[in-house]
Amino acid sequence: MPRTILTLLTIFLLSSCMSDDGYDGPVDMTYWDIATFNGNIDGRAQFTVRQVNDSPEATLVARTALDTGSENLAGKRMLIRYVPESKKPYTSGTITLQSASTVNQSPTLIKSMNEYTDWARDRVYLYSVWRTGSYLNFNVSLTYDKEPRIFCIVADETTLENDYPDLYLVHIMANVTDYHDRRYYASFDISKIWERDNVNGVRLHVANSNLDKDIFTFDKAN
């Protein structure tokens, strides 16, 4: 069954208390967002998050540090599940952090698309794509394969002087594979394109197997 493409990912899970007369109403609202991990600061995990587009940034501070092992994950994009203790979404403050994991991420590559003639061969099933600041975020299904693949955003260098440069979600597997799909999240930094003076927005091309939409326009004004 095709699923509607959304331009914003915010999943609300409501939990309620039961009284003798039934449900009293919502108690906690759990949020899922792709955020930037600022690091463990003063023993507490800190994240920066935007709701969508150019909405104000909020700084979220967990009660405890995030166990990152020996890795330095500061600056990494993560999918976090949390409850704001103030009950006010996208407002700086303390959160109850329930989970956090890194997502696929990389800066935008500026190249000729002649180097990626197979960019649309291995199509993706796009659930949602949305912008937060200078990041493009994705919720997609990709065919599973244990071999490495190319999965990145490429800006067509011949379009950089346009008002709306062309970006491509490039997905090229090592081999043509017919196997099961897995759900992935990704967040790509497009600041090298987005912050150019001549740019009013970007046009994103996706080899999308969900519905018929394969070009998405993001405006700076939104």
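Which residue forms a salt bridge with Arg-50? Glu-57 does, with the closest N and O atoms 3.6 Å apart.

## Ground rules

This is a predicted model, where local features need pLDDT of at least 70, side-chain atom pairs count only at pLDDT 80 or more, and totals for chains, interfaces and linings use all residues. Residues are numbered from 1 along each chain as its sequence is written, and side-chain values use heavy atoms, leaving out hydrogens and water.

A salt bridge here is a side-chain nitrogen of Lys or Arg within 4 Å of a carboxyl oxygen of Asp or Glu. That rule gives 7 salt bridges.

## Arg-50 and Glu-57

Back to the opening pair. Arg-50 is partly exposed at 22% relative accessibility, while Glu-57 is exposed at 51%. The cut-offs are under 20% relative accessible area for buried, over 50% for exposed, and partly exposed in between (1.4 Å probe, protein chains only).

## Asp-54 and Arg-131

Asp-54 and Arg-131 pair up at 3.0 Å, N to O. They tie together distant parts of the chain, 77 residues apart: Asp-54 sits in the loop between strands S3 (44–49) and S4 (58–62), and Arg-131 in strand S9 (residues 125–132). Strands (E, at least two residues) and helices (H or I, at least four) are DSSP runs, numbered from the N terminus.

Asp-54 is partly exposed at 42%, but Arg-131 is buried at 1%.

## Glu-161 and Arg-196

Another salt bridge joins Glu-161 to Arg-196 at 2.8 Å, N to O. Glu-161 lies in the loop between strands S11 (150–156) and S12 (166–172), and Arg-196 in the loop between helix H1 (191–194) and strand S14 (201–206), 35 residues apart.

Glu-161 is exposed at 60%; Arg-196 is partly exposed at 24%.
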